[in-house]
Amino acid sequence: MAQETARHCVLIRDCDVVDPPQGATYIPAISDEAVGSKGLWYGLIRVAPGHRTKAHTHPHETGLYLVKGSFELYSGDRLDHMDEVVERDFILIPDGVPHVAVNRSDTEPIFAVVARSNPAHNEPADLLPELDSLVP
């Protein structure tokens, strides 16, 4: 049976922490599982100091707003495009685009608010291990 749409606003507190295989920590606030969202995932992503995500793609669009820290975002078929993302930057990651986020700081995590067009609580991702060595 399909979940009914809420007829009031939904306040979300004490969100789960999810560690997906692509290597960041996700805190999903709005998702299909958490609140019955049908077309939106919205939450927070954390990448620890000195860590990076694995090369991967998603079958959905992702929008990101960097709240704290800075990171390098490698993207493209050979991960040969690099953007330095700093606080208050927005990023669009189109569906199907390979990407890797690298936190070069030894002391500061990064925190980003993220929205995506797939409401799945556990984000679908295709890992691309053959591309991981392309990012220094």
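## Surface and overall build

The protein chain exposes about 7,900 Å², of which carbon and sulfur atoms supply 53%, with accessible areas coming from the Shrake-Rupley method with a 1.4 Å probe and, for residues, only the protein chains shown counting as cover. This is a predicted model, in which local features need pLDDT of at least 70, side-chain atom pairs count only at pLDDT 80 or more, and totals for chains, interfaces and linings use all residues. Residues are numbered from 1 along each chain as its sequence is written, and side-chain values use heavy atoms, with hydrogens and water left out.

The protein chain has 1 helix and 10 strands, where helices (H or I, at least four residues) and strands (E, at least two) are DSSP runs numbered from the N terminus. The radius of gyration of the protein chain is 15 Å, close to the 14 Å that the globule rule gives for 136 residues, so the chain is as compact as a globular protein of that length; this radius is taken over C-alpha atoms, and the rule is 2.2 Å times the number of residues to the power 0.38.

## The open sheet

Five strands form an open sheet in the order β1-β2-β9-β4-β7, with antiparallel pairing, and two strands count as paired if DSSP finds at least two bridges between them. At the edges lie β1 (25-30) and β7 (90-93), each of which pairs on one side only.

Within this sheet, 6 bridges join strand β4 (residues 62-68) to the antiparallel strand β9 (residues 110-116), and Leu66 stands opposite Ala112 in β9.
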